[in-house]
Amino acid sequence: MSHTTRDFAATTFVVRDGLTLLLWHLKTQAWLPPGGHIEANELPEDAARREVLEETGLEVELLGEQQAWGKVKVLRTPVCLLLENISSEHQHIDLIYFARVVGGKLNINPEEAGDCRWYSHRDLGGEEIAEDIKVLGRRAIAAVSTPL
């Protein structure tokens with residue numbers, strides 16, 4: 001009897017100048033935004049920012065607001081949650097965030113990615129891009145381009 005294992009992950013669609021950044025991930029051989037596992041005792045939004053910095057060298061500001069309701073901290077709400085099949089017995093519950101670049105210099109981590117590209121709304125229509133990446137990439141471009 002097999003059991004499906006699941007890990008929590010955080011993925012961030014990074015937008016700058018109306019374009020979203022995708023990396024050619026070596027492990028999956030696909031164009032994906034920066035992301036990875038949420039570490040023990042790490043908040044999801046901290047994981048999202050950390051993964052972007054580790055994989056791209058860019059510092060980002062996540063969309064959404066952080067609040068406090070009395071003594072309770074309200075974290076930024078992910079844009080959505082995806083259930084991704086990593087293998088026949090393993091899945092990721094992936095918290096998706098949108099962000100804008102606020103600092104750093106693009107320098108991809110060669111252990112994670114073989115290439116990077118900034119994609120426009122139109123470019124995301126290419127056959128090499130998975131459907132969920134197309135949809136979310138386009139939504140991220142629209143969301144970041146909307147004035148606060």
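How many residues does the hairpin that joins strand 8 to strand 9 pass through? I found 2 residues in that hairpin. A reminder to myself: this is a predicted model.

**Entry: strand 9 and strand 8.** I looked up the pairing of these two next. Strand 8 covers residues 80-87, and it pairs with strand 9 in the antiparallel sense over 7 bridges. For a specific pair, I noted Glu-84, whose bridge partner in strand 9 is His-92.

**Entry: other partners of strand 9.** I then checked strand 1, residues 5-16, and found it running parallel to strand 9, with 11 bridges joining the two. Here Val-15 stands opposite Arg-100 of strand 9. Strand 5, residues 58-62, runs antiparallel to strand 9 and is joined to it by 5 bridges. In that pairing I picked out Val-60, which has Val-101 as its bridge partner in strand 9.

**Entry: burial of strand 9.** Is strand 9 largely enclosed or largely open? I read that 11 of its 15 residues, in the stretch 90-104, are buried, so strand 9 is largely enclosed by the rest of the structure.

**Entry: Ala-47.** My last stop was helix 1, residues 44-56, where Ala-47 is found. Its relative accessible area is 0%, so Ala-47 counts as buried, the cut-off being under 20%. Leaving aside neighbours within four places in sequence, I have Ala-47 in contact with Ala-10, Ile-38 and Glu-42. I also noted a C-alpha to C-alpha distance of 20 Å between Ala-47 and Arg-16, which are 31 residues apart in sequence.

Technical notes: Residues numbered from 1 in each chain as written. Predicted model: local features only at pLDDT ≥ 70, side-chain atom pairs only at ≥ 80, totals over all residues. Heavy atoms only, no water. Buried < 20%, exposed > 50% of the residue type's maximum accessible area, 1.4 Å probe, protein only. Helix = DSSP H or I, 4+ residues; strand = E, 2+ residues; numbered from the N terminus. Pairing = 2+ DSSP bridges. Contact = heavy atoms within 4.5 Å.
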